[in-house]
Amino acid sequence: MSEPQTKKKNAAWVRTAVDYGAPIAFAISYFTTKNFQTATWVLVAASAVALVLGYAVERRVALLPLFSGVMALIFGVLGLIFHSDVFVKIKVTVVNGALAAAMIGGVLMNRAPLKALMGEAMQLPDAAWRTLTLRYGAYFASAAVLNEIVRLTQDTDNWVKFRVALLPLAIIFSLTQVPFMMKHMARGEEPAAPEPPDAGF
């Protein structure tokens with residue numbers, strides 16, 4: 001295996017660990033202990049470890065995982081200080097809502113924020129970037145609305161299950177965008193794995 005391919009494989013592994021390590025660790029801890037405070041400690045620790053791991057391996061942390069990781073630390077610490085599960089639960093709404101506003105608002109201002117996040121991975125025409133950005137924005141908005149519905153109507157067990165279910169749902173959504181990306185990519189360009197629209201916890 002060539003050095004570029006090895007680096008690409010390592011980068012994909014790191015992104016997976018950074019994006020999904022903290023929420024999976026949180027869910028395992030919660031269903032093992034049935035203690036939201038204990039699970040929040042695990043969430044804060046796992047988020048910190050994931051960010052450090054990402055930087056140690058790649059010497060940088062991508063913007064989306066960095067934003068998510070910092071927000072997880074902030075909301076997780078607030079939850080521990082105030083002994084409330086609301087902060088961790090509402091963090092999903094805040095982050096997805098902010099990302100939806102950034103994506104949709106960016107397109108309305110004739111910009112493509114998604115291009116800034118994923119532009120190094122592939123080359124697409126500006127019109128395609130705008131369409132893809134709107135699709136991701138719609139996903140983030142839907143995730144924020146669904147989180148609020150579940151948070152306000154369901155108990156903690158069901159909320160944690162919903163949060164875990166968002167992880168594969170994000171992957172499925174990203175895979176459905178592959179045909180669109182391949183259609184608009186430059187000829188001869190190798191298709192890149194799309195970024196799942198889930199910034200972790």
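Q: How do I read the pair Arg 151 and Glu 148, and what do their side chains form?

A: The general idea comes first: side chains of opposite charge can pair when their charged atoms come close. The term used here is salt bridge, meaning a side-chain nitrogen of Lys or Arg within 4 Å of a carboxyl oxygen of Asp or Glu. In this predicted model, Arg 151 and Glu 148 meet in one, at 2.8 Å from N to O.

Q: Where do Arg 151 and Glu 148 lie, and how many residues apart are they?

A: An α-helix has 3.6 residues a turn, so residues three or four places apart point the same way. Here, both Arg 151 and Glu 148 sit in helix α6, three residues apart, or about one turn. Helices are DSSP runs of H or I with at least four residues, strands are runs of E with at least two, and numbering starts at the N terminus.

Q: How many salt bridges does the structure hold?

A: Four. Another one links Lys 115 and Asp 126, with the closest N and O atoms 3.2 Å apart. Lys 115 belongs to helix α5 (residues 113–118) and Asp 126 to helix α6 (residues 126–153), so this pair ties together parts that are eleven residues apart in sequence.

Q: What about Lys 89 and Asp 85: buried or partly exposed?

A: Start with the cut-offs: buried is under 20% relative accessible area, exposed is over 50%, and partly exposed is in between, using a 1.4 Å probe and protein chains only. Lys 89 is buried at 6%, while Asp 85 is partly exposed at 23%. Their side chains form a salt bridge too, at 3.2 Å from N to O.

Q: How do I read the span of helix α4?

A: Compare it with the expected span, which is 1.5 Å times one less than the number of residues. Helix α4 (residues 86–108) has 23 residues and reaches 32 Å from first C-alpha to last, close to the expected 33 Å. Its buried residues include Val 88, Lys 89, Val 92, Leu 99 and Met 103. After α4 comes Asn 110, with a positive phi near 60 degrees.

Q: What does the whole chain look like in secondary structure?

A: Eight helices and zero strands. Of the 201 residues in the chain, 43% are buried.

Q: Which conventions sit behind these values?

A: Residues are numbered from 1 along each chain as its sequence is written, and side-chain values use heavy atoms, leaving out hydrogens and water. As this is a predicted model, local features need pLDDT of at least 70 and side-chain atom pairs count only at pLDDT 80 or more, while totals for chains, interfaces and linings use all residues.
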